[in-house]
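Colleague: Could you walk me through this one, starting with the helix packing?
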Amino acid sequence: MFFVVFYNLILNGVILYALVYGGRPERVGAVAMWSATYLSVPTSSFSSGPELGILFVDLALLAVLLVILVRSDRYWPIWATGFHLIAVLTHLAKAIDPKILPVAYANYLVLWSYPVLATLAIATRGLQMYRQETDSLNC
């Protein structure tokens with residue numbers, strides 16, 4: 001239970017930070033990450049095989065990250081997409097080897113959410129610092 005609360009605090013803090021201080025790519029990414037997290041809960045089946053509902057949510061988030069990657073001039077989508085791609089490939093690993101323990105499978109999926117969120121937070125901070133720097137130069 002502690003880890004669920006901890007993850008939700010991190011998630012909501014980063015998302016709020018990106019929505020307030022981020023540019024359009026950061027805000028779109030934040031909404032997509034928040035939506036993917038909360039859509040994963042009702043789509044999980046708690047079966048011993050690959051979580052197909054969560055896979056579809058993860059594929060949708062991957063598609064959004066790829067669109068941000070192609071359309072923006074930022075570097076963070078490269079990292080976020082790469083980290084999230086590893087999470088998507090975890091579903092493939094579970095399909096190939098169904099003997100992977102469900103707890104390990106679930107933990108591995110969640111594990112790669114943290115670097116994606118960290119990438120968004122770092123990018124938002126960088127954008128905020130850039131804006132402050134350019135504002136001070138314009139005075």
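Modeller: In this predicted model, the axes of H1 (residues 2-21) and helix H6 (residues 113-137) come within 9 Å and cross at roughly 30°, the axes being lines fitted to C-alpha atoms over the stretch in contact, with angles from 0 to 180 degrees between N-to-C directions. Helices here are DSSP runs (H or I, at least four residues), numbered from the N terminus.

Colleague: Are H1 and H6 roughly parallel or antiparallel to each other?
Modeller: H1 and H6 are roughly parallel, a label for angles under 35 degrees.

Colleague: OK, salt bridges now: how many are there?
Modeller: The count comes to two salt bridges, each being a side-chain nitrogen of Lys or Arg within 4 Å of a carboxyl oxygen of Asp or Glu. Arg74 pairs with Glu26, with the closest N and O atoms 2.8 Å apart, and this links Arg74, in the loop between helix H3 and helix H4, to Glu26 in helix H2, 48 residues apart. Asp73 and Arg74 also meet in a salt bridge at 2.9 Å, N to O.

Colleague: And is Glu26 buried or exposed?
Modeller: Glu26 counts as buried at 0% relative accessibility, whereas Asp73 is exposed at 68% and Arg74 is partly exposed at 23%; buried means under 20% relative accessible area, exposed over 50%, and partly exposed in between, with a 1.4 Å probe and protein chains only.

Terms used:
Residues are numbered from 1 along each chain as its sequence is written. This is a predicted model: local features need pLDDT of at least 70, side-chain atom pairs count only at pLDDT 80 or more; totals for chains, interfaces and linings use all residues. Side-chain values use heavy atoms; hydrogens and water are left out. Helices (H or I, at least four residues) and strands (E, at least two) are DSSP runs, numbered from the N terminus. Angles under 35 degrees count as roughly parallel, over 145 as roughly antiparallel, 65 to 115 as roughly perpendicular and the rest as oblique.
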